[in-house]
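Hello,

Here is the structure I said I would pass on. My notes on it follow below.

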Amino acid sequence: MLSLSSPEEDEMMLVSALLSLAGWVSLYFALCRVNGRRSSEWNCRLVTLLHGILAVCVTAYIGHVDGPWPFTHPGTKNTPLQINALMLSLGYFIFDMAWCVHFRTEGAVMLAHHTVSILGILLTLWLGESGIEGCAVLFGSEITNPLLQARWFLKQTGRYGTPLADAVDVLFVLLFVLMRVFVGGTMLYCELISPRPRFFIKCGGVAMYALSWVFMVDIVRFAVRKSRTWRQRRREQQEATNDDKGKKD
């Protein structure tokens, strides 16, 4: 399998990737300087939140406006906008991977997710094709990211037991199941049956979908724990209400 890009294009992509990485690193250190009283993880999650919002907005525009539609045109040649979107996320994933390894905040599954994401983006850029699938995967994986960061920030600020936090949790679980399992499964099916995408691209799609199911196991466990917590909370509230009525009587 030969690279479909010229040496000049390879050089330009390398420079773009380094600029993207430098941009995310600079943003992180700028936030650390401005938010000196906050922890390193707080500032890193702000970077993650910004990346998630940017990635979702850009890839949504690519899929719904700029095109082509990823479910019907996998394996097509990369467009300039697709390349820019992938470069944006490539720099972020390298930064976040290095941060997680340095501070040892994530387990093997998340590190595997970042590794597959980096390799998948690099392969897509090197081949010069399948950028639309890469953008679709970015959209599906990053659309739940702002909710995930919101949960963490609510916990850190002591607001996790509020109705807002409950709404964030419910929306996060529903959106994760919808995008990662159902939409992601449909995207993988379209990828596998199409003759255009290359074999290694299809393998990457299978790997990402398998990781989604690993995350899904944790999501189910979280949902079960959360439902038990809600039932216990309602039971305690009901008992408190009954006690108040008994005192009044």
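**Helix packing and aromatic pairs**

In this predicted model, one side of the contact between helices α2 and α6 is made by Glu 41, Trp 42, Arg 45, Leu 46, Thr 48, Leu 49 and Ile 53 of α2. On the α6 side, the residues are Asn 145, Pro 146, Gln 149, Trp 152, Phe 153 and Gln 156. By type, the residues of this contact are seven nonpolar, four polar and two charged.

As for geometry, two packed helices are described by the angle between their axes and the distance between the axes. Helix α2 covers residues 40-66 and helix α6 residues 145-156; their axes come within 9 Å and cross at roughly 155 degrees. Because angles over 145 degrees count as roughly antiparallel, α2 is roughly antiparallel to α6. The crossing of α2 past α6 is left-handed.

After α3 comes Arg 104, which has a positive phi, near 55 degrees.

On the aromatic side, the count is 13 pairs, with ring centres within 6.5 Å as the cut-off. One of them is Tyr 28 with Phe 95: the ring centres are 5.5 Å apart and the planes are at 50 degrees, so this pair is tilted. Tyr 28 belongs to helix α1 (residues 7-34) and Phe 95 to helix α3, so the pair ties together parts that are 67 residues apart in sequence.

Regards

Conventions. Residues numbered from 1 in each chain as written. Predicted model: local features only at pLDDT ≥ 70, side-chain atom pairs only at ≥ 80, totals over all residues. Heavy atoms only, no water. Axes fitted to C-alpha atoms, helices over the stretch in contact; angles between N-to-C directions. Helix = DSSP H or I, 4+ residues; strand = E, 2+ residues; numbered from the N terminus. Parallel < 35°, antiparallel > 145°, perpendicular 65-115°, else oblique. Left-handed = near helix turned anticlockwise from the far one by under 90°. Contact = heavy atoms within 4.5 Å. Nonpolar A, V, L, I, M, F, W, Y, C, P; charged D, E, K, R; others polar. Phe/Tyr/Trp six-rings, centres within 6.5 Å; stacked < 30°, edge-to-face > 60°.
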